[in-house]
Amino acid sequence: MNPKVLKTYHLDEFNSFSLSSVAEYFCSICCSEDLRYALDFASRNNLDITILGEGTNVILNQKIPGLVLKIDIKGKTFKQEGQEIVVEVGAGESWPSLVDWTLGKSWYGLENLSLIPGTAGAAPIQNIGAFGVELSERLISVKAVFRATGETIEIGADECDFGYRHSRFKRNGAGTHVITAIKLRLYKQAKLNYSYPSLKQALLDKLGTMTDDNLSPRLISDTVKQLRQKNLPDPVHWPNAGSFFKNPIVDREHLNDLLASHPKLPYFPVADDLAKVPAAWMIDHCNFRGYKYKNVGVHKSHALVLVNYGSGSFSEIVELSDLIKNSVEKYFSVRLIIEPTLYGID
Ligand SMILES: Cc1cc2nc3c(=O)[nH]c(=O)nc-3n(C[C@H](O)[C@H](O)[C@H](O)COP(=O)(O)OP(=O)(O)OC[C@H]3O[C@@H](n4cnc5c(N)ncnc54)[C@H](O)[C@@H]3O)c2cc1C
């Protein structure tokens, strides 16, 4: 049976910023046939397409012209290859549930990525990452429909142009492919990564000393969850889209200039000549933490998270983000880049 294409569909519950937004057309995609039908519907009616997972990394304007495809493709399969497990997951599966499911099966590799909201299919879009691990380190390939030709293709991780919160599917490549599944490589033998400073400290606080015997993927996952729950505002109470800005990466010369005027600026080397500087630190230093602007604001305990106080709008968020960007640029000569993707019109 063909999926229903619904007209004038409210998306308020499909974006974690709780913005009021209406799709011209909306279709829930549960399988490849649904997708084929919906893409054909869009092309017959000359409609633009917007792809949506759980809406935790989008900022939606009042109207989304064209057809919104909500990706609800479920299913998990796996095969064992020696000490490794190859897991194939439908794009509409919940990412945090997937992480818990793999840990429940004693398959390791995703523990640092616990509790990141959203769908599995959206995970490659910005190469989700947390606590020192990025999806690209576990991804084998994505299965996708290439919209220009309608072909179903498999794209290897090495062809995804992954970087920090970046892939070929973001920015210029946004919407060119509809991801239907992802394939991950996990391990029966844990290879723990607890080098990320706040994770390491939290583990030390719990354990006193860390040994091979008292560390486990489950403990890392639990600790990551506790840190996230403590530090990040829950979108249920404080509608938000996680980190609103990417952490800027600057070259050595720029870093030296910044350190000359701001000796306490933290930084993390990412390559020989490049360092990542925390956007939150800079935003905090521009006195935006806890700042309220109309019906939106910067969360009081996390300067990187913009929140909707209830009746906030797309334009208020954009205005606030411009205020922050201009202030940070003036003070630090760094232009912040917005992490979520903006969609729609007034
Ligand atoms: C509280 C909170 C904490 C967060 N913490 C982190 C974090 O620690 N690390 C991190 O990396 N991110 C984090 N995020 C961001 C977000 O969780 C991820 O980006 C997540 O992958 C988005 O999934 P989604 O299904 O909600 O995607 P959506 O928000 O629905 O979509 C995001 C983008 O992906 C595209 N897209 C979605 N599904 C598909 C598909 N199947 N095919 C093609 N394109 C698609 C959309 O068009 C859109 O451009 C956080 C967000 C919140 C709200």
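E81 is partly exposed, with a relative accessible area of 37%; partly exposed covers the range between buried (under 20% relative accessible area) and exposed (over 50%), taken with a 1.4 Å probe and protein chains only. K79 falls in the partly exposed class too, at 46%. The side chains of these two residues, E81 and K79, form a salt bridge with an N to O distance of 3.7 Å. A salt bridge here is a side-chain nitrogen of Lys or Arg within 4 Å of a carboxyl oxygen of Asp or Glu. K79 and E81 also belong to a network of salt bridges that includes E84 and R185.

A word on the background: this is a predicted model, in which local features need pLDDT of at least 70 and side-chain atom pairs count only at pLDDT 80 or more, while totals for chains, interfaces and linings use all residues. Residues are numbered from 1 along each chain as its sequence is written, and side-chain values use heavy atoms, with hydrogens and water left out.

## Salt bridges

How many salt bridges are there by this rule? The count comes to 13. Here are some of them, with their N to O distances.

| Pair | N to O distance |
|---|---|
| E81 and K79 | 3.7 Å |
| K183 and E154 | 3.1 Å |
| K294 and E319 | 3.1 Å |

Take K183 and E154, whose side chains meet in a salt bridge. K183 lies in strand β12 (residues 177–187) and E154 in strand β11 (residues 151–156), so this pair ties together parts that are 29 residues apart in sequence. Helices (H or I, at least four residues) and strands (E, at least two) are DSSP runs, numbered from the N terminus. E154 is partly exposed, at 41% relative accessibility.

Next come K294 and E319, also joined by a salt bridge. This pair links distant parts of the chain, 25 residues apart: K294 sits in the loop between β16 (292–293) and β17 (296–298), and E319 in helix α7 (residues 314–332). K294 counts as exposed at 56% relative accessibility, whereas E319 is partly exposed at 31%.

## Nonpolar cores

In soluble globular proteins, nonpolar side chains tend to be buried together. A nonpolar core is a set of buried Ala, Val, Leu, Ile, Met, Phe, Trp, Tyr and Cys residues joined through side-chain atoms within 4.5 Å. The largest such core has 56 residues, and L67, L69, W95, I182 and L184 touch the most other members. Apart from it lies another core, of 35 residues, with F245, L255, L304 and F332 among them.

What does L67 touch, leaving aside its neighbours within four places in sequence? Its contacts (heavy atoms within 4.5 Å) include V5, Y25, F26, C27, A38 and F41.

K70 has its place in strand β5 (residues 63–71). Is K70 buried or exposed? K70 is buried, with a relative accessible area of 10%. Not counting residues up to four places away in sequence, K70 touches F14, F26, C27, S28, I29, L52 and G53. K70 and G92 are 22 residues apart in sequence, and their C-alpha atoms are 8.5 Å apart in space.

## Helices that pack together

Two packed helices are described by the angle between their axes and the distance between the axes. Axes are lines fitted to C-alpha atoms, for helices over the stretch in contact, and angles run from 0 to 180 degrees between N-to-C directions.

Helix α3 (residues 197–207) and helix α4 (residues 217–231) have axes that come within 10 Å and cross at roughly 110 degrees. That makes α3 roughly perpendicular to α4, a label for angles of 65 to 115 degrees; under 35 counts as roughly parallel, over 145 as roughly antiparallel and the rest as oblique. On the α3 side, residues including S198, L199 and A202 take part in the contact, and on the α4 side residues including L219, I220 and D222.

Helix α2 (residues 95–104) also packs with α4, at about 155 degrees and with the axes 10 Å apart. That makes α2 roughly antiparallel to α4. Here D100, L103 and G104 in α2 meet P217, R218, S221 and K225 in α4.

## Positive phi values

Most residues other than glycine have a negative phi. T8, although not a glycine, has a positive phi of about 50 degrees. T8 is found in strand β1 (residues 6–10) and counts as exposed, at 54% relative accessibility. S333 has a positive phi as well, near 55 degrees. S333 belongs to the loop between α7 and β19 (341–343) and is exposed, with a relative accessible area of 51%.
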